[in-house]
Amino acid sequence: MRVEPRGFLREHAPWLFDPELGVCIVGSSALRIACDQAGIKGPDAVDLDLSWALDVSDGEARLRQHEVFVDTTAANRSRGTLAMKLEGVRLEITSFRGSDPGEPDLQARILADLAERDMSVGALAFSLSGDELFDPCHGLDDWEGRRVVPVGDPSDRIREHVIRWIRYYRRAHQWGFDLDPSIRKVALERSLIQAAPAEHVAAELREALALCASPGRFLMELHEGGLLQEITPELASQFDGRPAGPVRHHPEISQALHLTLALEWYSSHTLDLNKQDRNRVGFAVLCHDLGKGMTDPEKWPAHHGHEDRGIEPL
C-alpha cells in the first residue's frame, strides 16, 4: 500500500472503525505499522489486507450496504475472504479464523486468528477501533532478527495450506532471512505438496523469479528438501549433480551452478524491464537447458542435441 493505511481507511471507509466489526489491519501492513512504531525498517507493504468478526454472508451484506463489494473467487470465499474496492484500490477482508463466531471477546478472536497464520512476521494485527497492535508470536522480533519462523508446529501450518511449505523457503530467500530449522525438519511426506493447486505453485515460482536475488539457490533448497522433484521434475534434474558440459565450455562444471549463475544474471540485469517482459526473460532463462536433464549419463559431460530435447519438457 503506497499510502498510510489507517488514514486511507479513515478517509474512505470510516464505517470500518465500528468496534463491533473488530476490523484489523493484518499481514505486511500490520508488520509495517509495528516496524514504524519501533523505529526500524519494515517491509514494503504493497497490499492492504484486513480481517474482521463477520462471516462471509454477513460480510457481503455489509460491503454491499456500503456499495464497495466486488466479486472474488470461490476459493477465496471458502477461506472466508471477500473483496472490496475503495477509491479504485482492491482490498481483501477475511473472517477471523480459529474461534467460535459466537465468541463475544473480540480480542480472543483476534489472537485465535493470528495463531493460524503461517509465520510469525505475518501474525500481527492492528485493531482499527482500539488503535492497538497485537503481536503474540513476536513477529517484530523475528523481522528484526531476520528469521522466518513458523507459527507453532510447521507441520500443522502446512497441513492447513500446503503451499506454505514452498512459501517458507521463498520468503527466506526473498528477504535474505534465516530459515527456522523446524521447517527443514518437517516430517511430512514430500508428495503432499502435489495437493497444492497448480496456480499457487506457479505464483510462488513467479514470485521467486521476480523477488529473490538468487532464484537458483531457492530452487536448490527446494531440491535439497525433496520438494522440487514433486512439483516440477523437469527442473529437479537441473539440480541432481549432472555436469553442465565439457569444462572448456562450462568451467563452472555443475549444471546446478550454471543455472544458478544464469538466474542471478537475470535477476540483476532485467530490473529496468516491465513486469511482463521480465517474466518472459526469467522463464526463458529458467527453462533454457531443460534438455540437459534428458541426456543419457553415458554421454556426459556432453549434451549434444539438448536444445531440441528441451522442447518436450518445456
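These legends walk through several close-up views of a predicted model. Residues are numbered from 1 along each chain as its sequence is written, and side-chain values use heavy atoms, with hydrogens and water left out. Because the model is predicted, local features need pLDDT of at least 70 and side-chain atom pairs count only at pLDDT 80 or more, while totals for chains, interfaces and linings use all residues.

View 1. Strands (E, at least two residues) and helices (H or I, at least four residues) are DSSP runs, numbered from the N terminus. Two strands pair if DSSP finds at least two bridges between them. Strand 1 (residues 24–26) and strand 2 are antiparallel and share three bridges; Ile25 has Leu50 of strand 2 as its bridge partner. Strand 2 and strand 5, by contrast, run parallel and are joined by four bridges, with Asp49 partnered by Glu92 of strand 5.

**View 2. Strand 4 and its partners.** Follow strand 4 (residues 81–86) beside strand 5 (residues 89–95): the two run antiparallel and are joined by six bridges. Thr81 has Thr94 of strand 5 as its bridge partner, and Ala83 stands opposite Glu92 of strand 5. Strand 3 is antiparallel to strand 4 as well, with two bridges between them; here Val70 is the bridge partner of Ala83. Strand 4 and strand 5 make a hairpin with two residues between them, and Glu87 in the turn has a positive phi of about 50°. Is strand 4 largely enclosed or largely open? Five of its six residues are buried, so strand 4 is largely enclosed by the rest of the structure. Buried means under 20% relative accessible area, exposed means over 50%, and partly exposed lies in between (1.4 Å probe, protein chains only).

View 3. Contact means heavy atoms within 4.5 Å.

**View 4. Two nonpolar cores.** A nonpolar core is a set of buried Ala, Val, Leu, Ile, Met, Phe, Trp, Tyr and Cys residues joined through side-chain atoms within 4.5 Å. The largest one has 74 residues, and Leu9 and Leu50 have the most contacts inside it. Helix 8 (residues 164–175) gives the most to this core, with six residues. Apart from this core lies another, of ten residues, including Val26, Ile110, Phe134 and Val151. Which residues does Leu9 touch? Not counting residues up to four places away in sequence, Leu9 touches Pro14, Leu16, Phe17, Ile25, Leu48, Leu50, Leu86, Leu91 and Leu128.

**View 5. Helix 15 from end to end.** At 1.5 Å a residue, the 13 residues of helix 15 (residues 275–287) should span 18 Å, which agrees with its end C-alpha atoms being 18 Å apart. The expected span is 1.5 Å times one less than the number of residues. Arg278, Gly282, Val285, Leu286 and Cys287 are buried in helix 15. The buried residues of this helix pack against helix 10 (198–211), helix 11 (215–224), helix 13 (233–236) and helix 14 (255–269). At the helix start, a side-chain oxygen of Asn274 comes within 3.2 Å of the backbone nitrogen of Gln276.

View 6. Most residues other than glycine have a negative phi, and most peptide bonds are trans. Asp131 is not a glycine, yet its phi is positive, about 50°; Asp131 sits in the loop between strand 6 (125–127) and strand 7. Ile253, in the loop between helix 13 and helix 14, has a positive phi near 70°. Asp131 is exposed, with a relative accessible area of 56%, and Ile253 counts as exposed at 51%. The peptide bond from Trp300 to Pro301 is cis, with omega near 5°, and Pro301 is found in the loop between helix 15 and helix 16 (306–309).

Methods. A polar contact is a pair of N or O atoms within 3.5 Å; within protein, one must be able to donate a hydrogen and the other to accept it, and residues adjacent in sequence count only if both atoms are side-chain atoms.
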